[in-house]
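Please keep the sequence and the model in view while reading.

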Amino acid sequence: VIFSPELSHLYPQFVAVVANQEHLRSMEHRHFNQYLKQFIEIMMLSCPAPLYQSHLTAILGPVFEHVQFRLQYSWNPVLGKGSLGIESTRPMGSDNCMTIANQLASVGVEQWLISYYARGGLFVGDLNAVTGEAAVEKARVELTRTYADMLQSTLALKGAWALVLANKARE
């Protein structure tokens, strides 16, 4: 339906909403995972080949740029990169929420997002430190896995298309 000629005049407005950087940045990891799985992957698999250039590139460019930004800052604390200290990557819980919020409010949007992604985009509430850290790690790994799965599916490296291509190669 989205690729039908009757809706082609609405496509630029559609792209402006679904590939808006502010919208993408404001999503929690769990919501961004669903966005990748249930929207971007489906668009990539169902788009007719003649429309790749006109329809997919307008959406995939900003989305992949954002995925790179999100993954980079989500994994920086694990890789030991970046200027964030230990306290700034500790999961945000009820005990330190106001302190962290006040610190981040003074540094600007970019630093706030970097800290947000370093924490896995989570507020862990009253969980203990070990459980909170595990939840952040799970969110980080799930984001990476979702992105890798989406790429594998769309490149026919897994799923139904991979089976079809493997059978054709065997013949």
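Where is the kink in H3 centred? The kink, of about 30 degrees, is centred on Leu36. The model discussed here is predicted.

**The chain as a whole**

- The chain contains 9 helices and 2 strands.
- Along the sequence, these elements follow the pattern α-α-α-α-α-β-α-α-β-α-α.
- Of the 171 residues in the chain, 36% are buried.
- Among contacts with a separation of 6 or more, 74% are between residues 24 or more positions apart.

**Helix H3**

- Helix H3 covers residues 29–46, which is 18 residues.
- At 1.5 Å a residue, helix H3 should span 26 Å, and this agrees with the 24 Å between its end C-alpha atoms.
- The buried residues of H3 are His29, Phe32, Asn33, Tyr35, Leu36, Ile40, Glu41, Met43 and Met44.

**Aromatic rings**

- The structure holds 8 aromatic pairs.
- One of these pairs is formed by Phe14 and Phe39; the arrangement is edge-to-face, with 5.9 Å from centre to centre and 65 degrees between the planes.
- The pair links distant parts of the chain, with Phe14 in helix H1 and Phe39 in helix H3, 25 residues apart.
- Phe14 has a relative accessibility of 27% and therefore counts as partly exposed.
- Phe69 and Tyr73 form another edge-to-face pair, with 5.0 Å from centre to centre and 65 degrees between the planes.
- Both Phe69 and Tyr73 lie in helix H4, 4 residues apart, which is about one turn of the helix.
- An α-helix has 3.6 residues a turn, so residues three or four places apart point the same way.
- Both Phe69 and Tyr73 are buried.
- A single aromatic cluster is formed by Tyr11, Phe14, Phe32, Tyr35 and Phe39.

**Charged groups over rings**

- Arg25 lies over the face of Phe69, at 4.5 Å from the ring centre. Phe69 is also the partner of Tyr73 in the pair described above.
- The charged end of Arg140 sits over the ring of Trp75, 5.7 Å from the centre of that ring.

**Two individual residues**

- Is Ser153 buried or exposed? Ser153 has a relative accessible area of 12%; buried means under 20%, so Ser153 is buried.
- Ser153 lies in helix H8. Apart from neighbours within four places in sequence, Ser153 is in contact with Glu41, Leu45 and Lys158.
- Gln21 is found in helix H2. With a relative accessible area of 26%, Gln21 is partly exposed.
- Which residues does Gln21 touch, not counting residues up to four places away in sequence? Gln21 touches Pro62 and His66.
- Gln21 and Val63 are 42 residues apart along the chain, and their C-alpha atoms are separated by 8.0 Å.

Conventions
Residues numbered from 1 in each chain as written. Predicted model: local features only at pLDDT ≥ 70, side-chain atom pairs only at ≥ 80, totals over all residues. Heavy atoms only, no water. Expected span 1.5 Å × (residues − 1). Bend = angle between axes of the 7 residues up to and from the residue. Buried < 20%, exposed > 50% of the residue type's maximum accessible area, 1.4 Å probe, protein only. Contact = heavy atoms within 4.5 Å. Phe/Tyr/Trp six-rings, centres within 6.5 Å; stacked < 30°, edge-to-face > 60°. Lys NZ or Arg CZ within 6 Å of the ring centre and 35° of its normal.
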